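The following questions and answers look at aromatic rings and the groups around them. Please keep the sequence and the structure in view while reading.

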Amino acid sequence: MREACGNSLTTGGLSLDSAGRAFRYPPCNDLHGMQGRIVPFTQDLVPAVAAFNQRLADGAVPWQFPERPEPDWLPRLPGAPAFQEFFLLAEDGVVRGAYCLKRHDVHVGGEPRPGASFHLPLSEGTIDPRFSLVATRLMRDACKRVPLLFGVGMRGSRSAIARLLSALGWHLQAIPFYFKVLRGQRFARQLRYGRGNPLVRIALAALAGTGLAAVGATAARALLTRRPQEAETKQVADFGAWADAVWDASARAYSFCAVRTAAVLNLVYPPGSPGVVRLRVGTDGAVIGWAVVQDVPLSAHEHFGDMRLGTVVDAFGPPESARAVIHAATHALEGRGVDLILSNQSHPAWRSALRASGFIRAPSTFIFGAAPHLHDLLVRSDPGYGRLHLNRGDGDGPWGVSRGLA
């Protein structure tokens with residue numbers, strides 16, 4: 001199964017040059033003679049953003065930039081440790097490009113430092129080659145604002161945004177993708193991804209019609225799932241001081257991760273979010289980690305039809321707790337009756353934990369990109385990028401399907 005999910009930089013619409021070629025940074029004055037400036041999105045620019053979105057829609061671009069300066073998710077509040085900012089490239093009151101920053105600290109080089117993830121880049125160059133270098137100015141601006149900049153998503157290393165970032169000196173690496181089929185019959189009947197291939201379509205119909213899909217899914221789970229590490233799991237409404245203790249005990253085990261203190265987590269996963277389940281995992285009365293999972297019933301989804309989709313959105317703890325935490329997350333989703341579970345995890349311990357819980361690895365289109373300054377800092381302590389902790393929770397909207405993950 002090829003990964004059919006993505007967020008953050010997947011929704012860019014950024015182009016390379018008009019012929020699709022990679023290029024190096026040009027001087028600012030090479031940008032179609034533009035004298036425009038990149039400025040924060042303010043209320044007076046709402047009509048210009050609406051007009052920009054309309055031009056993109058008329059050009060068959062499926063993505064739209066928010067038309068309100070205040071983000072619906074992660075607004076900038078006084079003292080907030082995580083928030084979003086919107087920036088626009090405007091020329092004489094006309095918007096030609098836009099991007100979002102999700103600001104938060106990252107733990108790198110053994111300490112927390114100011115960082116951000118870059119997402120929803122949109123450029124008029126997508127529909128008008130005269131503005132094909134808008135993308136470069138957006139990237140340069142974001143890197144100046146936040147040197148420790150990264151992005152996740154991108155729909156694979158061959159996408160336009162991935163090729164652009166690579167040309168601009170970013171380091172790109174796939175975040176491995178895993179899936180677990182729980183209800184084989186529904187999976188075979190409802191899976192839409194890949195049905196354009198006649199052989200895939202025939203195979204899925206045969207598996208569903210003969211009942212072999214159910215047998216195969218059951219056999220795979222039995223063969224792949226190992227004896228779980230026993231743990232106590234409790235569903236919680238929010239993150240408390242116990243999450244801070246997990247962070248303090250775990251952060252230094254990873255060469256890079258976004259800060260996951262209780263204050264940050266309660267903003268990223270606010271109490272009352274629909275379909276989002278927070279799990280506290282412990283042994284012998286001590287909390288050893290946590291997970292955030294999502295259960296979404298789909299309807300005519302482009303990839304998964306009418307399946308009930310479970311996602312291990314986020315999980316954290318020391319590497320030695322990964323197996324217990326992933327088992328708890330998987331067990332919770334199984335108990336909710338989902339048909340399929342998906343997850344992306346970068347760290348070897350968390351990937352091993354997914355395999356121990358019966359997950360199968362498939363090709364990933366979920367890419368981590370580190371800006372040059374961040375990459376230079378990372379390779380000092382982790383040259384092979386082997387101790388990164390990254391997952392769906394590091395994206396532009398970690399709410400599974402409801403935020404575009406699938």
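A charge is said to sit over a ring if NZ of Lys or CZ of Arg is within 6 Å of the ring centre and within 35 degrees of the ring normal. The model is predicted, so local features need pLDDT of at least 70 and side-chain atom pairs count only at pLDDT 80 or more, while totals for chains, interfaces and linings use all residues. Residues are numbered from 1 along each chain as its sequence is written, and side-chain values use heavy atoms, with hydrogens and water left out.

Q: Over which ring does the charged end of Arg392 sit?
A: The charged end of Arg392 lies 4.2 Å from the centre of the ring in question. That ring belongs to Phe366.

Q: How many aromatic pairs are there?
A: Rings of Phe, Tyr and Trp (its six-membered ring) pair if their centres lie within 6.5 Å, and planes under 30 degrees apart count as stacked, over 60 as edge-to-face and the rest as tilted. By this rule the number of aromatic pairs is 12.

Q: What kind of aromatic pair do Phe65 and Phe86 form?
A: Phe65 counts as buried (under 20% relative accessible area; exposed is over 50%, partly exposed in between, with a 1.4 Å probe and protein chains only), because its relative accessibility is 2%. Phe86 is buried too, at 6%. Their ring centres are 5.4 Å apart with 70° between the planes, and the pair is edge-to-face.

Q: Which charged residue sits over the ring of Trp242?
A: Trp242 forms a tilted pair with Phe239, 5.7 Å centre to centre and 35° between the planes, and both residues are buried. The charged end over the ring of Trp242, 5.6 Å from its centre, is that of Arg280.
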